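The following paragraphs lead the reader through a protein model, beginning with a single pair of side chains and widening to the whole chain.

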Amino acid sequence: MSAILSGKGIHSGYDGVKVLWGVDIDIPEGKSVVLLGPNGAGKTTLLRTLVGLLPAWSGSITFHGRDITAEPTEKRIRGGMAFMSEQGVFPDLSVLDNLRMGGYFLKGRDMETRIKRMYELFPDLLRQRRSLAGSLSGGQRKMLGVAKALMSEPSLLVMDEPSAGLSPKYVKEVIEILGVAHAEGLSLLIAEQNVLFLQQADYGFVLEGGRIVTHGDADELGSSDAVRRAYFGVRDGHLGEASA
Ligand code: ATP
């Protein structure tokens, strides 16, 4: 199966400090891929490089088979990539305005149709459409972040730690909603420390110290005691604090 997004030999970092040391990663078309790894492994740095918010120092990135290594983020987004950062929303804008920002280059009627679709997927957002995003609960804010990212009808959604700051109940809801989006054909790349995200994934990569140390089918990675013990505080098959 062909890759929708592919990074080859990526080196990147900040102000001369190298964080990524030759990362190879493929997201197969229509699949959901989780990028696992401990704090400081370089997950955010890799996502930011793949979406063009940080330059790749060397290596190449292709999207839909096209070399986008030097392309600005906006062009990648127009090409079908969406990025949800940990923050995810504009707190000083209303729910509705956040959705509009997410679909800023859709034409009028397309914008309205898409907003309706988001309200179907996330009924809480319809009820709260006039509220400021900053006044929502952590879970609702995350849902708005996902909806905002989906507004542009992306073919690939890249997400940075959607579980950050969420209670287990909302983590479950986010995983469910990603499952729905995935079933509709969306490809996903999700950086996470929460092993539960393997449930909705097809494939996983583990990043440590800026290098991919293992990768494989989500089922295999999920049942690999070595990976679980090493990265997620899991002991004897029980999920530890880090997974909640
Ligand atoms: P976390 O889950 O804690 O966000 P991560 O796997 O996403 O971890 P990164 O945020 O990519 O890791 O950080 C990788 C390394 O890069 C860390 O050593 C971090 O201190 C460093 N780093 C991150 N952002 C910057 C920055 N803006 N300037 C300089 N160094 C940075």
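Arg 117 and Glu 184 are joined by a salt bridge, with 2.4 Å between their closest N and O atoms; the term denotes a side-chain nitrogen of Lys or Arg within 4 Å of a carboxyl oxygen of Asp or Glu. The model is a predicted one, in which local features need pLDDT of at least 70 and side-chain atom pairs count only at pLDDT 80 or more, while totals for chains, interfaces and linings use all residues. Residues are numbered from 1 along each chain as its sequence is written, and side-chain values use heavy atoms, with hydrogens and water left out.

The domain assignment divides the protein into domain 1 (1–80 + 155–244) and domain 2 (90–153); such bounds come from an automatic or database assignment. Between these two domains the count is one salt bridge. There are also two residue pairs in polar contact between domain 1 and domain 2, both residues at pLDDT 80 or more. A polar contact is a pair of N or O atoms within 3.5 Å; within protein, one must be able to donate a hydrogen and the other to accept it, and residues adjacent in sequence count only if both atoms are side-chain atoms.

On the side of domain 1 that touches domain 2, at least two residues come from each of α2 (73–78), β7 (156–160) and α7 (168–183). Helices (H or I, at least four residues) and strands (E, at least two) are DSSP runs, numbered from the N terminus. The greatest contribution to this side is that of α7, with seven residues.

In total, 19 residues of domain 1 are in contact with 15 residues of domain 2, contact meaning heavy atoms within 4.5 Å. The two domains bury about 1300 Å² between them, 72% of it on carbon and sulfur atoms; this is the accessible area (1.4 Å probe) that two parts lose on being put together, summed over both. Within domain 1, the residues that lose the most area to domain 2 are Arg 78, Tyr 170 and Ile 177, together 34% of what that side buries. The centres of the two domains, taken over C-alpha atoms, are 24 Å apart.

The structure as a whole holds 10 salt bridges. In one of them, the side chains of Asp 26 and Lys 8 meet at 3.2 Å, N to O. Because Asp 26 lies in strand β2 (residues 17–28) and Lys 8 in strand β1 (residues 3–14), this pair ties together parts that are 18 residues apart in sequence.
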